[in-house]
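The following paragraphs are meant to be read with the sequence and the coordinates at hand. They begin with the relation between the copies and then turn to selected residues.

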Number of protein chains: 2
Amino acid sequence: MTASTALLKSLETLLGPEGHSTDPDVIAPKLVEWRGRYRGTTPFLAKPRTTQEVAQLVRLCAQAGAAITPQGGNTGLVAGQIPDGEILLSLERMRAVRALSPLNDSMVIEAGATLHEAHVAAEGVNRRVPLSLASQGSATIGGLISTNAGGVHVMRHGMMREQVLGLEVVLPDGRVLCALDALRKNNTGYDLKQMFIGAEGTLGVITAAALKLSPAVTSRVVAVVGLASADAALALFHRARHRADGLCAFELMNRQSIAMALKNVPGLREPLAIAPPFTALLEFERCGSNGLEEGIEAMLAEAMDDGDILDAAIAHSKAQEDAFWKLRESLSAGHRTGEPQANHDIAVPVSETPTFLEAAQREAQALSPGARIVAFGHMGDGNIHLTVMAPEGAIEFPREAVLRRMHDLAAGMGGSISAEHGIGVERREELTRFKDATAMAMMRTLKAALDPHGIMNPRALVSVE
Amino acid sequence: MTASTALLKSLETLLGPEGHSTDPDVIAPKLVEWRGRYRGTTPFLAKPRTTQEVAQLVRLCAQAGAAITPQGGNTGLVAGQIPDGEILLSLERMRAVRALSPLNDSMVIEAGATLHEAHVAAEGVNRRVPLSLASQGSATIGGLISTNAGGVHVMRHGMMREQVLGLEVVLPDGRVLCALDALRKNNTGYDLKQMFIGAEGTLGVITAAALKLSPAVTSRVVAVVGLASADAALALFHRARHRADGLCAFELMNRQSIAMALKNVPGLREPLAIAPPFTALLEFERCGSNGLEEGIEAMLAEAMDDGDILDAAIAHSKAQEDAFWKLRESLSAGHRTGEPQANHDIAVPVSETPTFLEAAQREAQALSPGARIVAFGHMGDGNIHLTVMAPEGAIEFPREAVLRRMHDLAAGMGGSISAEHGIGVERREELTRFKDATAMAMMRTLKAALDPHGIMNPRALVSVE
C-alpha cells in the first residue's frame, strides 16, 4: 500500500510544481494533529487544482495500490486526517465558489474552501450557511461534510448533512460522481450523496458541494440563565422551545467548566451575579418581524415565577452577546491544563441528559475519588462534551477505565460514543464494543463494494476485512 | 424468482392463519393501483406480526430465491408497490407505537402504522410529526420512508428523510439491522439508515422507525395572494421568507388548475375577488409568541404598495383556512376528467420556476396546439406538479412526446424528473435518460452488494445487472 517511486514520478508530472510537495518543511504542519496528540508521515503531499486532477490522481493511486489520506483544515479530533505513510491529499487549491444563487438559496463551493469563506460568500448576497463552530476559520467544506460536523446551531438547522443539497465526489477508482444539483426535492433513486457525508474520506474524495442557504437573521437574542440542576435545564429547554419560537442554541455549562475557564482563560467574567450549579446559554433568532425579545423576556419571567430558574440575563448589546458566547467558547481551553483527563463526545436522548450527568458524576468518583467533572455542550441535541479530570494534584488517573465506563453509561441509555467528532483512528476500537454487529458488517460490505482495494483513508473508521 | 409450493407451505406455517392470505377477495384491493392504472398478481399475501417474523420470512424467500414486493398504504404513484407475481408483503399488523418520549421529542413506531396514526400519537403528548400530505390516512410510515415522501410543509420541515432519527430494517438475507436510536447526533460510522430512505423497498424491509417530534403549533396564519406572474410569485416567496419568520408552505396554482377544480369539484369557491393568472397559498406557523398575524399583514401590505401582488386575503377563521386549503387540495381531482393528459412531478431550482413554467407552456403548445397547462405545486421547493391536457374535445394527444419534452426541459435547468413520487416501475426507462452514468453504476453496485440475489422489489428503481 505504499507509494512506489514510479507512482510518485507520475503524480509529479500530473500535478506540476505548484500541485505537490515533498519538502519536509512544507509538509510538517500537516503531519501534526493540532493538539499535538498524533504525528504522521507521508512521502508526498498532493495539491490538485481541479476535479479532473483529483480523478487522475486517484486513478493512478488505485492502479498502483497506493493509499490516500485526505486532509481538510486539520481540525479533526480523532486523527482521521493524519497520514501514516499514505499519500496526503489536500484540496487547499480548490476553494472557488462555483455558483451562488440567492434566488435558489444555494451555493456551489469547492471542498477546499473554509467554512468562513462560505459564510462570507453567503453574506455577500444577504444569506447564510447556518453552521457555526469554533474552527470555522480553518475547517474546510470537504472536511466538514466528510465528518458531518455539528456545532452550536444543530438544534435548529441540523448538522452538516442537512446543509448539503448535492455533491461532486471522486470515487476510489477515479470515476467522478456528479450529483451537484441544487434541488430541494429529487427522488430519482438512492440518495448517493448521503453515503459520503460522515464517511470520513473512506469512500471517496468530496471535491465540491451544493449547499443550502438560509435567510440572514435580522433579530437575535442571547441570554444566560442560572439553574439549580440539569433537570431544571431540561425543563427550561422545553419551555423555551414551546413558548418562544426561534430557539437556535441551548448550551449547558456546569459550574466546574465555568470555574476552570474563569481561572485559566484571561478576560472572562462570571455572567450572573450568582454562581449556580448549571448555567445555560440560550440563543434565539428570527427573520423580519420584531417582538422577539419581549416574548423571551416574558417566557423567562414566567420560568422565574414558577421557580424553575435561579437568575437570568439577556444581552442588551452586541458586546454582551459576544461576552456570553466567549465564555462558552473558552470552556475547552479552560481545562486544557496538561493535567490527566479523559475527554468524551457523548450523545444521549435529550431527555436523559440529567440522568447521564448524575450517573457520570457518580461513576467517575467511584473510579477516581475526587475527580473533577467538566461538563458542557449542546444540551438541545443531548450532546455533552464531558471531561473527567484527575483530582487536583493527582498524577495517577485511570484514563482508559474512565473512558470506557463513560461510553458504557451513554450506550446503556441508548446513546452514542461519538456525537459529532467521528471515529477516525482514535475511536475505532471502542466502536466495535458498541456498534450493532449487523451494522458493522454492513459498513464493511459497503466499504468493500465502493473501495475494494481499500485505498481511501484506510486506517479511519472501517476496513475491508 | 417465483415462489414454489414448498416455500408457500413454509410461509404458511411461519405466519399462521392470521398472518397470511391466498384468498383472491382479500388480496384483490392490494393488486390494483389506486387510480386503476396498474393491476398485479401475487401467489401469497404475507402479514407478519413481528420483526422476527419478517426476518424469518425474508430468510425463507432468500433461500428459495423468491422475490418480495413490500406494500404500505398502496398510495404510490409510480407502481412500485404493485406485485407482478412476487410475494406481497404487508406490515398492516405491525402498527404499534413502541415508545413515545415528549422530553426527547421522539417516537418509535412500527412501519405499518399510518401517518395519521403517528399524528394522533404525537398530538397526545402535545407534539407533532410535521409531514402533511393528502394520503396521510392510508400512507404508512414504512411506505413514506421508503419513498422519502414530501408534501406541503417540506420547505420548513424537510422531507420524510429529515423526520427519521433511526430505523429497524430487515436486510435481504434476513438479518435485522437495528439502528433505532433516537439521537440528534451520532457520528459513529456510515449513517446506514440513509441507504433505505427513498430506496423504494429495494434494499430491505423497514419494520420500525424512530421519528423526530416537533413542538405543537400555537399560532398559524393562512393567506391567499393573487399574482400577475410566476416571477411575481418568486419575489413574494423571498419577501415572505425574509420578512416574516415561520413560512411553512408556499403553494402556487395557475389559473387553469383553479378553473378546472372550480368546474369539476363541488363546493369550492374562488378565494379572491379577482381571478389572477397565479394564486399563491401561504401558511405561516409559530410556537408561543403572538404577533404572527400583524407581521404578515405588514409584509403583504408592503408587497401591495410595491406593486408586487394584485390582491391578498388572510384567513380569519378556521373555516376560512380550511376553505383555502381545500381549494389547493382539490386541484388534482379537478383535472382527473378522463381527458388525455400527461402528468409530471418536476423539480427545478426554486429560482427557475418562472422560467420553467413559461417554457413548459411554449413547448406544450408546440407539441399540441391548444393544450391546457394545469400547473400547481410546492413552489417553495421548486416542485411543480405539471399536467399538460389535450385541447378541449381533442382525442389525439402526443402523451409520450410531451412527457419526454417536459422532462428534458426540467433536466436542462438542473432539475429532476421525479421530485417526490419516486421512480418505481413507471419512471425507470426515463431515469436512464437523465441519471449520471456513474450514479446509475453506483446504484447497481449498492443494490448488488446488499441484495445480491435481487429479491427485494426487483422491478422497482434499479436491478442487479
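This is a predicted model: local features need pLDDT of at least 70, side-chain atom pairs count only at pLDDT 80 or more; totals for chains, interfaces and linings use all residues.

The extent of the interface may be considered next. The size of an interface is often expressed as the accessible area that is lost when the parts come together. Between chain A and chain B the buried area is about 6700 Å², and carbon and sulfur atoms give 58% of it. On the side of chain A, the residues that lose the most area to chain B are Lys185(A), Asn187(A) and Tyr190(A), which together account for 15% of what that side buries. The contact takes 86 residues from chain A and 86 residues from chain B.

Polar interactions also join the two chains. Across the interface of chain A and chain B there are 38 residue pairs in polar contact. The elements that give two or more residues to the side of chain A touching chain B are α6 (154-157), β9 (176-179), α8 (193-196), β11 (214-215), α9 (230-243), β14 (278-286) and α17 (437-450) of chain A. Of these, α17(A) gives the most, with 10 residues. By class, this side of chain A has 39 nonpolar, 28 polar and 19 charged residues.

How many salt bridges are counted between chain A and chain B? The count is eight. One salt bridge joins Arg241(A) to Asp105(B), with the closest N and O atoms 3.0 Å apart. Another salt bridge is formed by the side chains of Lys185(B) and Glu420(A), at 2.8 Å from N to O. This pair crosses between chains: Lys185(B) lies in the loop between β9 (176-179) and α8 (193-196) of chain B, and Glu420(A) in the loop between α15 (399-412) and α16 (428-434) of chain A. Lys185(B) counts as buried because its relative accessible area is 0%, and Glu420(A) is likewise buried, at 11% relative accessibility.

Thr188(A) gives a further view of the contact between the chains. This residue lies in the loop between β9 and α8 of chain A and counts as buried, at 6% relative accessibility. Beyond its neighbours within four places in sequence, Thr188(A) is in contact with Ser416(B), Ile417(B), Ser418(B), Ile423(B), Leu431(B), Lys435(B) and Met443(B). The side chain of Thr188(A) also makes a polar contact with the side chain of Asn186(A), at 2.9 Å.

Salt bridges also occur within the chains. Over all chains, the whole structure has 63 salt bridges. Glu92(A) forms one of them with Lys30(A), the closest N and O atoms being 2.7 Å apart. This pair links distant parts of the chain, 62 residues apart: Glu92(A) is in the loop between β4 (87-90) and β5 (97-101) of chain A, and Lys30(A) is in the loop between α2 (24-27) and β2 of chain A. Glu92(A) is partly exposed, with a relative accessible area of 27%, whereas Lys30(A) is buried, with 17%.

In chain B, the side chains of Asp408(B) and Arg433(B) meet in a salt bridge at 3.1 Å, N to O. Asp408(B) is partly exposed at 34%, and Arg433(B) is partly exposed at 32%. In chain A, a network of salt bridges links Arg239(A), Glu302(A), Asp306(A) and Asp308(A).

Two loop positions complete the account. Thr50(A) lies in the loop between β2 (45-46) and α3 (51-64) of chain A, and its side chain reaches the backbone nitrogen of Glu53(A) at 3.0 Å. At 33% relative accessibility, Thr50(A) counts as partly exposed. Most residues other than glycine have a negative phi. Asn126(A), however, has a positive phi, near 60 degrees. Asn126(A) is found in the loop between α4 (115-123) and β7 (127-128) of chain A and is partly exposed, with a relative accessible area of 46%.

Note on methods
Residues are numbered from 1 along each chain as its sequence is written. Chains are lettered from A and ligands numbered from 1 in the order in which they are written. Side-chain values use heavy atoms; hydrogens and water are left out. Contact means heavy atoms within 4.5 Å. Buried area is the accessible area (1.4 Å probe) that two parts lose on being put together, summed over both. A salt bridge is a side-chain nitrogen of Lys or Arg within 4 Å of a carboxyl oxygen of Asp or Glu. A polar contact is a pair of N or O atoms within 3.5 Å; within protein, one must be able to donate a hydrogen and the other to accept it, and residues adjacent in sequence count only if both atoms are side-chain atoms. Helices (H or I, at least four residues) and strands (E, at least two) are DSSP runs, numbered from the N terminus. Ala, Val, Leu, Ile, Met, Phe, Trp, Tyr, Cys and Pro count as nonpolar, Asp, Glu, Lys and Arg as charged, and the others, Gly among them, as polar. Buried means under 20% relative accessible area, exposed over 50%, partly exposed in between (1.4 Å probe, protein chains only).
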